[in-house]
Amino acid sequence: MSGDTTNSPTPTTVTLSPPRRGEPVRPDIEPSAARARIHAAETALLDDRRLLTGEELTGLAALPDDYVTSLAALAHQVRLSWCGPEVEVEGILSAKTGGCPEDCHFCSQSSQFDTPVKATPFLDADEVLQAAEETKASGATEFCIVLAVRGPDERTMQRILELVPMVQERTGLNVAVSAGLLTDDQARRFGEGGVHRYNHNLETSRSFFPNVVTTHTWEERQETCELVRAHGMELCCGALLGMGETDEQRIELLTQLQDLDPTEVPLNFLNPRPGTPLGGEQPVAAWEAIRWIALFRLGLPGVILRYAGGREVTLRELQSMGMTSGINALIVGNYLTTLGRSADEDLQMLSDLRMPVGALTGVL
Amino acid sequence: MDTTGDVAAPDGAHCTGCGSLSCIGCTRTLDPPRFCPQCGRRLTVAVTPGGFRARCRDHGALAPT
């Protein structure tokens, strides 16, 4: 042994993740100016307990990459202060897959695109109950029944209204539904029928929406969201990032969500699906996703901000960092047409992070 | 966990991602099979929170891998 303990540097072979299409170049700013923006946001959210304005969020979104960890740290403190330490766990089921007449450009279930997803009819009640049992076994407290439809017809309404109390009685889970655009009467019936939460995503800002959906309008979605609240259900209204929208349009969406005031915001990242118009897009860069998780928390301090589709593909090893950047809920297990990582991996992650999971605290 | 790598179809089998015999593998790790490896026909697939079920009209159920 030579006794020479000098460590010579190892040449790196790591290639830095390149910016994606639409990802802005953010020029350096004076450190004092960057810290001032973050400090002002901290004061607003933790001391004054007020929402940030679009202008303030724009200033935070423009901070260079080196400040993403600062945004994430603040977002985590804001989450703890406004929502507490618990994490809500949910399972979802595509109870009627494919064959949707709408042309949402990100969706493999649209009948307007030639995708590998084959349309299948409404699952039997036994299949739905079995999926709810799987969800219950994963420690979740929420189960969402999702249908690929423009909106529910009368037969679908009746099926859902039969299933909701069945699932509740069998599993004790809160039951959410996602079945597209609703009329006032349909929203009333769902509210009276025990639907705990209704999911209807805006997906993107009003100004960008016509680029990704042409068969219905952003305003129609907004109207359904308002009906959900008017009829006493909790509103779950999510976003999908990575479709080519700009930072400004993401901020626009954030302020539009502030106006809608949903209980829950599922945050999806585009997982480009073969055969769809957005099938050739690249997933959002992981570090950029962390930035926007933090910004969604800073913009929507009191919501249940849920990890939803695309996180495995987008964040890879940074999924646990998202949990300390403002996320306080997640979908465990599989998604509607794609698979997720195992519920056990997610529960282990939460245990490692010392994040209690509602009724699952004892298990962890 | 590899979440983006393509999975190659075995020799002589149809790709479960696109149904082609000539495809060198376009099924992503987190995608369930969509085409029958025996005949390339589109599968009826039900994805559930804890797994998936895939069935070919002619060749029956595929075992989850």
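Student: What makes the radius of gyration of chain A agree with that of a compact globule?

Tutor: This is a predicted model. For 364 residues, the rule of 2.2 Å times the number of residues to the power 0.38 applies, and a compact globule would have a radius of gyration near 21 Å. Chain A has 21 Å, so the value agrees with the expectation. Along the principal axes, the C-alpha atoms of chain A fill a box of roughly 75 × 50 × 45 Å.

Student: How many helices and strands are there in chain A, and what percentage of its residues are buried?

Tutor: Chain A contains 12 helices and 9 strands. Buried residues account for 48% of the 364 residues, a residue being called buried if 20 or more other C-beta atoms lie within 10 Å of its own.

Student: How do you know that the span of helix H7 of chain A is close to the expected one?

Tutor: Helix H7, residues 218–230, has 13 residues, and at 1.5 Å a residue 18 Å is expected. The helix reaches 19 Å from its first C-alpha to its last, which is close to that value. Just after H7(A), A:Gly232 adopts a positive phi of about 85 degrees.

Student: Which residues of H7(A) are buried, and why are they said to line one face of the helix?

Tutor: The buried residues are A:Arg221, A:Thr224, A:Cys225, A:Leu227 and A:Val228. Seen down the axis of H7(A), they fall within an arc of 160 degrees, and therefore they line one face.

Student: What covers these buried residues?

Tutor: The cover includes helix H6 (184–192), strand S4 (197–199), strand S5 (234–236) and helix H8 (247–260) of chain A.

How values were computed
Residues numbered from 1 in each chain as written. Chains lettered and ligands numbered in written order. Predicted model: local features only at pLDDT ≥ 70, side-chain atom pairs only at ≥ 80, totals over all residues. Helix = DSSP H or I, 4+ residues; strand = E, 2+ residues; numbered from the N terminus. Expected span 1.5 Å × (residues − 1). Buried ≥ 20, exposed ≤ 12 C-beta atoms within 10 Å, placed from the backbone. Arc of directions from axis to C-beta. Contact = placed C-beta atoms within 7 Å.
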